[in-house]
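Dear colleague,

Please find below the structure that I am handing over to you.

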Amino acid sequence: MYKVGITGGIGSGKTTVCKVFEVLGIPVFYADAVAKEIMVTDKILIEGIKTTFGNLSYFEDGRLNNKHIASIVFNNESELIKLNALVHPAVFRAFDVWEAQVSPEVPYTLKEAALLFESESYKMVDTTILVTAPLQIKLDRVTARDGVATDQVKARMDKQLSDDEKIKMANHFIINDEAHSIIQQVLALHKQFLEIAANSHSKE
Ligand SMILES: CC(C)(COP(=O)(O)OP(=O)(O)OC[C@H]1O[C@@H](n2cnc3c(N)ncnc32)[C@H](O)[C@@H]1O)[C@@H](O)C(=O)NCCC(=O)NCCS
Ligand SMILES: Nc1ncnc2c1ncn2[C@@H]1O[C@H](COP(=O)(O)OP(=O)(O)OP(=O)(O)O)[C@@H](O)[C@H]1O
């Protein structure tokens, strides 16, 4: 199965773009959402997180205390490395399980991950898309969506590769500012991926 990875900085709109691909019938693996899911279901991971970040990492009813963990890891690089080392291998395994159950009729799949390039999961896909937007638009979107302060969003941006670095690594681009239609850009890429998938099928 042809695998496309899609990423973008916080607030770039990668999830929004993925929803358009889903409308076209393309299955999407949302790595960030899966990370959140397994952090409350995988017992070994839960123990690892409690041991590393304290019992406050979970509420009594088992929900993840996002704010507690975020306040530790986005203020301390070495703590973030520890969290990533606990969570990312489990997400990679979940992706393999998910990919194996996708219908063979599907032309290609999408893997949406905030840290596609940082976590090296781009090496596990065939091609990559980078979603970009100007800094101020990203800040406005995230502060409006999450009700958080600009400084908190900037702290998270500082923990991700810059767009300049990601542009060098990505194969395809979607500009998600106020001047470009994401629908037209998604349709153009979808057409390209369908052609690649059809050619690879005919060679099998
Ligand atoms: C620290 C946590 C609890 C904070 O939760 P919160 O609800 O505030 O954020 P959420 O998960 O919705 O992420 C929002 C955005 O933050 C950024 N972000 C999340 N995790 C990371 C990270 N490890 N490094 C850099 N940026 C990150 C991304 O842009 C992401 O899209 C959560 O982000 C988390 O568990 N992160 C570790 C898992 C991970 O790396 N996920 C991302 C890729 S799999
Ligand atoms: N083209 C657009 N026009 C208007 N609003 C948009 C557009 N693209 C995204 N948004 C809004 O901006 C916010 C951020 O978008 P989205 O959640 O898709 O970004 P993301 O890159 O997945 O963010 P994160 O890294 O935080 O998960 C959302 O509230 C979304 O509805």
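Gly11 is buried because 23 other C-beta atoms lie within 10 Å of its own; a residue counts as buried with 20 or more other C-beta atoms within 10 Å, as exposed with 12 or fewer, and as partly exposed in between, the C-beta atoms being placed from the backbone. Please note that this is a predicted model, in which local features need pLDDT of at least 70 and side-chain atom pairs count only at pLDDT 80 or more, while totals for chains, interfaces and linings use all residues. Residues are numbered from 1 along each chain as its sequence is written, and chains are lettered from A and ligands numbered from 1 in the order in which they are written.

Gly11 sits in the loop between β1 (2-8) and α1. Helices (H or I, at least four residues) and strands (E, at least two) are DSSP runs, numbered from the N terminus. Not counting residues up to four places away in sequence, Gly11 touches Ala133, Lys138, Leu139, Arg141, Val142 and Val153. Two residues are in contact if their C-beta atoms, placed from the backbone, lie within 7 Å.

Ser12 is found in the loop between β1 and α1 as well. Ser12 is buried, since 26 other C-beta atoms lie within 10 Å. Its contacts, leaving aside neighbours within four places in sequence, are Val131, Thr132, Ala133, Lys138 and Asn176. Both Gly11 and Ser12 belong to a "binding site" feature that UniProt, in an unreviewed entry, places at Gly11, Ser12, Gly13, Lys14, Thr15 and Thr16. UniProt positions are given in the numbering used here, feature names are shortened, and annotations may be inferred rather than shown by experiment.

Which residues come nearest to ligand 2? They are Gly13, Thr15, Thr16, Arg141 and Arg145, out of 15 residues around this ligand. A residue is near a molecule or strand if its C-beta atom, placed from the backbone, lies within 6 Å of it. Two or more residues of this shell come from each of α1 (14-23) and α6 (135-146). By class, the shell around ligand 2 has four nonpolar, seven polar and four charged residues. Here Ala, Val, Leu, Ile, Met, Phe, Trp, Tyr, Cys and Pro count as nonpolar, Asp, Glu, Lys and Arg as charged, and the others, Gly among them, as polar.

Ligand 1 is surrounded by 21 residues, of which Ile10, Ala35, Asn66, Ala70 and Ala114 are the closest. The elements α2 (31-41), α4 (66-73) and α5 (77-100) each give two or more residues to this shell. Its residues divide into 14 nonpolar, three polar and four charged. At least three residues of the shell around ligand 1 come from each of domain 1 (1-27 + 107-204) and domain 2 (32-101); the domain bounds come from an automatic or database domain assignment.

The centres of the two domains, taken over C-alpha atoms, are 22 Å apart. In the contact between them, 10 residues of domain 1 meet eight residues of domain 2. On the domain 1 side, β3 (108-112) and α7 (150-157) give two or more residues each.

Finally, the protein chain as a whole has nine helices and five strands. Of its 204 residues, 26% count as buried.

Yours sincerely
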